[in-house]
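Student: I have a structure open here and I have never looked at it before. Could you walk me through some of it while I ask questions?

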Amino acid sequence: MLQIPLWNRLMITLVVLAGISFAMPNLFYDRVERHNDAVAEMEATGISTDALEAERALWPEVLPSTLVNLGLDLRGGAHLLAEVRVEDVYEARLDALWPDVRDALRDVRDTVGTIRRQDAAPGELRVRISQPDGMGAAVAAVRALAQPVVSLTGVGSSTLDVRGENDVVVVTLSAAEQEATDTRTMQQSVEIVRRRVDEAGTREPTIQRQGTDRILIQVPGIGSAQELKDLIGTTARLTFNPVVGRTSDPEADLESRQILLPSLDEPGTFYILEQTPVVTGDDLVDSQPAFDAQSGVPAVTFQFNPTGARAFGEYTSANVGAPFAIVLDEEVISAPVIRSAITGGSGQITGNFTIEDSTELAVLLRAGALPAEMVFLEERTIGPELGADSIAAGETAALVAFAAVLIFMVLSYGLFGVFASVALILNVGLIFGVLSLIGATLTLPGIAGIVLTIGMAVDANVLVFERIREELKTARGPARAIELGYSRALSAIVDANLTTFIIAVILFVLGSGPVRGFSVTLGIGIVTSVFTAIYVTRLLIVTWFDRRRPKTIEV
Amino acid sequence: MRLRLVPDETNIDFFKYARATFGASIVAMVLSLGIWFAMGLNFGIDFLGGTTLRTEASEPVNVGEYRAALDALALGDVSITEVFDPTFAADQHVAMIRIQAQDGQEAVTPETINAVQDALRTVYPEMTFPSVESVGPKVSGELITTALIAVAASLAAILIYIWLRFEWQFSVGAVAALIHDIVLTVGVFSLLQIRFDLATIAALLTIVGYSINDTVVIFDRLRENLIKYKQRPLQDVMNLSANETLSRTLMTSGTTLLALLALLILGGDVIRGFVFAIFWGVIVGTYSSIYVAKNVVLMIGVKRDWSKPDNKSGTQFSNIDA
């Protein structure tokens, strides 16, 4: 008959209590958030001040303090979807390979003759040899430079594809190596974007890789997508290139392997540079904003790692008296003349900087250059006031919906309606508890999902109550009717909710942003509503029935 | 005294006007498709690419002046809509401005957005822009594909699930009802030119979820009654099942609509389109589970002997200690 084992009762009560206690901090969102911020800051810095202690005291340590994350549409902030031009890296890789290729071909000079690098499409390295008969030896020599690909899928293949076209050796990265490179580029880009966003000290940014070559960046609380782009969109690629000449002609003739770049400070001035840099920003270990000791203008200091220091030292000692260019993102910041060999591996850049510029540049250089350019496919800015308005509107709507459904249920089912209402209140508590526990993000459609769940959650109860009503007609006593009502309605409840749950899963897998937030609350709402309907209300009804033992019941 | 949406005993013949209701459904679907093709959908930037700005000023929105200010920038197709909402303050005047995707650009450049904002500030200097969103054509194209896949995937998943749990005839009936709901909802979006964006797709899928929920409950009862009354004609058993579950169907739709109505009126304009879609879908979905899904099953006919193998699958959940 109507019995629920003790352990079962305990489990149900425990789950409900746990859910409610995890949901509770959300009722005091502001206090808990300030408490959490204070704790995080004290942990990060190790310093505790009176002000921080006071903030921390806003919420007792013993209580759960996890909160539901608010999505961008509720908190305000910026959202960017960036595409990384992964192909950019192939070119840099081949550039870096060029000295080795040159040396390898020089070793077999007797058979291949003189060599000359040619301009080529991005992602290709083309070298002309003067004795086409030696092509076989040339290809073999370059092939010897290839290494096995280091990746799970590319095992067994080599990094380079080398072929001969008449008198030209063409080197490209193999498909497996391109894939492995893409993966590294993306990891690096995500990491660098994260470092730059973290340096700016914003709260809970989301930085995720999406698909093969995209990065999703969401930063709550930032003023606009533009600010965010300024922060992360700069490649900050620093190189030191030998200077060939200076010109004011933007169409100046270039020899092979030379580039023409504009000057940052002097409009209309262009520098002809050798394309292959001596050292790049990759070899930097540190960079700080500073002031120039002599002139007092803002400057940025840098420190190379040993490899960079050696290369820089060798170049400067061999080229005393010649100018070299400091190039940042395709612009020449300055082109000083080398006065003496710089062997210590550190130096300083001065340009037409403001203090903010030098600070920002130092941050960017320290975080590292993005390996490839990023193109922004999607930008969204949501103001904090709009988010606050949405929360307020969502709250009112949820409360009204809640009250309306409760009244409706009590009017329709009397005491059983009250039980269902209690379950419904617990249900919303459980949804928030689970959302907080798994660190899910609540979005505006997510609030709609909760309101929808409020409406739909009573469905399982309605199914059971209607079934009990029907079973009561066959008049085999109220206890039997309640039991049959539950067991016979179960298959309908399971089928009905499983199909909706499938939809929630599909929405989660295929959706993004707010839609995903909706699917999360919908999915959680289905699970908790089935739980509260078949366990919690049943427990309430059975407990009530045990105490009162009514001869007849009215549902 | 209890509130009863339907009397305890009902004996409505849902097939009495089967031709009329089914015909009406078909006509409505054809009309929806017709409107859809004739008027098109008011796609949001999620699907079209482009930029939307939400403007807020304390002076009333003057669409003409806004347009005149923007015309100088030659941005192509610009649409300006005033937004009304009961939750707005008296001096809160909001408009949505949509600018088409600019040729040769992915997301709209900051220069364009700044130019637009400066131009609008010539109308009201203290105008603010609570949200600015920009989607490039590349992403919007993919979003359309993903949305279509999502809708197709959910229909397929439901087709398979119902097939496994019931019979293939039931799954055809259920999916027919779902397509009916989707088409009618898209038709209304086209007719009223409500913005159709990614959230609308989510709403469509929610409708699918709700409608199938409703249909399954009736099917579940039908299966049970088919075992109970082996000799009665299918149409009678269907009527009996629909009548037995009618109270529940209307109760659940009632509470859901009540909750949605609160959201529709008080939930703010940002999600109104989304909520409206679900609201409409719940009405259509309730109708379709009573009048479309069963009719389709009746037309195809269904295996009557449920006693042996299917009996097992039908009750496999009944043994769970609830």
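Predicted model: local features only at pLDDT ≥ 70, side-chain atom pairs only at ≥ 80, totals over all residues.

Student: Which residue in β5(B) is the bridge partner of Glu378(A)?

Tutor: The partner of Glu378(A) is Val135(B), which belongs to β5(B).

Student: And how many residues does each chain put into the contact?

Tutor: Chain B contributes 63 residues to the contact, and chain A contributes 62 residues. On the chain B side, the elements that each supply at least two residues are β5 (128–135), α5 (137–165), α7 (198–228), α8 (234–266) and α9 (272–291).

Student: Which of those gives the most?

Tutor: That is α8(B), which gives 14 residues to the side of chain B that touches chain A. Sorted by class, that side of chain B has 36 nonpolar, 19 polar and 8 charged residues.

Student: What does chain B look like overall, in helices and strands?

Tutor: Chain B has 11 helices and 6 strands, and its C-alpha atoms fill a box of roughly 80 × 50 × 45 Å along the principal axes. Of its 322 residues, 44% count as buried. If you take the contacts in chain B with a separation of 6 or more, 80% of them come from residues 24 or more positions apart.

Student: OK, switching to chain A. What is the strand order in the open sheet of 4 strands?

Tutor: The order is β3-β4-β6-β5 in chain A, and the pairing is antiparallel. The edges are taken by β3 (115–118) and β5 (160–165) of chain A, each of which has a single partner strand, so one side of each is left without a neighbour in the sheet. From one strand to the next, the twist averages 25 degrees.

Student: How many bridges join β5(A) to β6(A)?

Tutor: There are 6 bridges between β5(A) and β6(A), which again run antiparallel, and Leu160(A) stands opposite Leu173(A) of β6(A). These two strands form a hairpin with 2 residues between them, and in the turn Asn166(A) has a positive phi of about 50 degrees.

Student: Which helices lie across this sheet?

Tutor: Helix α5 of chain A, residues 87–107, lies across β3, β4 and β6 (168–173) and runs at about 25 degrees to β4(A). Helix α7 of chain A, residues 135–143, lies across β4, β5 and β6, running at about 165 degrees to β5(A).

Student: Which residues of β6(A) are on the covered face and which on the uncovered one?

Tutor: The covered face of β6(A) has Val169(A), Val171(A) and Leu173(A), whereas Val168(A), Val170(A) and Thr172(A) make up the uncovered face.

Student: What about the open sheet of 3 strands, what is its order?

Tutor: That sheet has the order β13-β14-β17 in chain A, with antiparallel pairing. Its edge strands are β13 (284–291) and β17 (346–350), each of which pairs on one side only, and the twist averages 25 degrees from one strand to the next. Between β13(A) and β14(A), the latter being residues 298–304, there are 7 bridges, and Gln288(A) stands opposite Thr301(A) of β14(A).

Student: One last topic: at what angle do α1(A) and α13(A) cross?

Tutor: The axes of α1(A), residues 6–23, and α13(A), residues 415–437, come within 7 Å and cross at roughly 65 degrees. That angle is why α1(A) counts as roughly perpendicular to α13(A). The crossing of α1(A) and α13(A) is left-handed.

Student: Which residues meet there?

Tutor: From α1(A), the residues include Val16(A), Ile20(A) and Phe22(A), and from α13(A) they include Leu426(A), Leu430(A) and Phe432(A). The residues of this contact of α1(A) with α13(A) divide into 10 nonpolar, 4 polar and no charged.

Technical notes: Residues numbered from 1 in each chain as written. Chains lettered and ligands numbered in written order. Pairing = 2+ DSSP bridges. Axes fitted to C-alpha atoms, helices over the stretch in contact; angles between N-to-C directions. Buried ≥ 20, exposed ≤ 12 C-beta atoms within 10 Å, placed from the backbone. Contact = placed C-beta atoms within 7 Å. Nonpolar A, V, L, I, M, F, W, Y, C, P; charged D, E, K, R; others polar. Parallel < 35°, antiparallel > 145°, perpendicular 65-115°, else oblique. Left-handed = near helix turned anticlockwise from the far one by under 90°.
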